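Visitor: Please take a close look at one helix pair in this model. Then place it beside the pockets.

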Amino acid sequence: LNQTRQVGLTSMLDDQGDPPRLLNMLFQPALQELRARHPDIDIQLDYRPLPYLNLRTEFLKAIANQTPVDILTVDQIWLGEFAEKGLLTDITERANTWGRQKDWYEANWDGGVYNDKLYGIWTVVDVRGIWYWKDLLDKSGVDPNSLKTWDGYIASAKKLNAILRPQGTEGVHLIAAGHSPDMSFYPYLWELGGQIIKLKSGHPTKGVYWFPAYNSTEGVKALGFIKDQVDAGIKPQKEHFWGKEFFNRKFAVMLEALQNHVRDDYNVTTSDKVEEFEQKVGFLPMFPVPNEGSNSATLMGGWLLSVPEISKNKDLAWELITIILEPKILAPMHEKYGLLPTQIPIGEGPYAARLNQTIPYYDKLISMIPMGLSRPNIPEYPQIADNIKQAIDEVLFGAEEPKQALEEAAAKSAKALGW
């Protein structure tokens, strides 16, 4: 008798605010294919979607309890911490055999690498740019092109506030929420050629190791732009609703990854709706730059698929991931939910035409991927981000000067990095 052996695969995933989404769009079609490839195995899936804010803690708890997890969505910024703790499988060899690396935008493939080893495949990406209501800019006599430079952005904000504030609409959105470094600081630091951290020799235990670099003259200038915005009367926003505040017309201009929310918050699902949306809302694929002609930068976020070290079925888990990553399975999810691809065959191949019909400004968004940079994925990064956020808050609310605020933050970060 040919007895089939039973294998259970457990997936722990960011629920994307829509728990069945990944199951319906990715795991079910991929499982079907995996089962067809292995008729001798009865493969069952234990699908565990979790809210993003609980995912990291729940995964670490599962590890502590020795609960096997076979597939995990990893936020790009957790990768180094998890890899350093030995929680993720090194998939370098498997990926080499698979041979699809060239299909990824380089920055996205590299986002899965830590210490020259591959620990995850970046699956979905978002980029941030300038969104604006065309009618509100018209009404205030603001040319959208003036938003492109730092000075122009501030001058436009003053004009917009003068006309719109009496009616309850703010000119521009300045973020002061938990992830303010991502939006209010890094893109400007990168535009000036600055870095968040850099390698330095002479570390007490590690020889050469990371050292804070964000308090450089570039960093001080970047934070100075934030201070100039506050001095110009722009109000920092501690609460952040991921674009709902823009769709509710509480702001005329917003720096955000709105393409992720256009579908749900503005019901853009068809090419007619895309057209209608683009008539009302404009988009500039950039962050404001210090001077005309400077290169812009943006932050890329997104999640990776990884195989935890604790998995008892690594080969099968990896095979399921490779099937999920086939454009024919992954592209429909991009299309349905307005999520940008990390793979060139989806971003620019035959699938792109379909994405163009459901994602407003799709070509412009895709054009930003090469200028997108990602946050360091080293284990100490979350502490560094907290230090930077504190510095931003000191400038926004504490009337501290950018240089002083960044020096204090960098001293804390150096300590966190073991110097």
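Guide: This is a predicted model. Start with the helix pair: α9 passes α19 in a right-handed crossing. The contact draws on G219, V220, L223, G224 and K227 of α9. From α19 come P402, K403 and L406. By class, the contact of α9 with α19 has 4 nonpolar, 2 polar and 2 charged residues.

Now the geometry. Helix α9 spans residues 217-231 and helix α19 spans residues 402-416. Their axes come within 9 Å and cross at roughly 125°. Because angles of 65 to 115 degrees count as roughly perpendicular and those over 145 as roughly antiparallel, α9 is oblique to α19.

The largest pocket has a volume of about 1,600 Å³. Its lining has 45 residues, and D14, Y52, L53, D75 and W242 are the closest to its centre. Several elements give two or more residues to that lining, among them β3 (71-75), β6 (121-127), α8 (180-191) and α18 (381-397). The most comes from α2, with 5 residues. The lining of the largest pocket divides into 19 nonpolar, 10 polar and 16 charged residues.

The second largest pocket has a volume of about 710 Å³. Its lining counts 25 residues, with W210, S374, R375, P376 and N377 nearest the centre. Elements that give two or more residues to this lining include α5 (106-110), β10 (197-203) and β11 (207-212). By class, the lining of the second largest pocket has 13 nonpolar, 7 polar and 5 charged residues.

How values were computed. Residues are numbered from 1 along each chain as its sequence is written. This is a predicted model: local features need pLDDT of at least 70, side-chain atom pairs count only at pLDDT 80 or more; totals for chains, interfaces and linings use all residues. Side-chain values use heavy atoms; hydrogens and water are left out. On a 1 Å grid over the protein atoms alone, a cavity is a set of points where a 1.4 Å probe fits but cannot get out, and a pocket is an open set with protein on both sides within 12 Å along at least five of seven lines; lining residues have an atom within 4 Å of a point. Grid points are joined across faces, edges and corners, and a volume is the space filled by probe spheres set on the points. Helices (H or I, at least four residues) and strands (E, at least two) are DSSP runs, numbered from the N terminus. Ala, Val, Leu, Ile, Met, Phe, Trp, Tyr, Cys and Pro count as nonpolar, Asp, Glu, Lys and Arg as charged, and the others, Gly among them, as polar. Axes are lines fitted to C-alpha atoms, for helices over the stretch in contact, and angles run from 0 to 180 degrees between N-to-C directions. Angles under 35 degrees count as roughly parallel, over 145 as roughly antiparallel, 65 to 115 as roughly perpendicular and the rest as oblique. A crossing is left-handed if the near helix is turned anticlockwise from the far one by less than a right angle, and right-handed if clockwise. Contact means heavy atoms within 4.5 Å.
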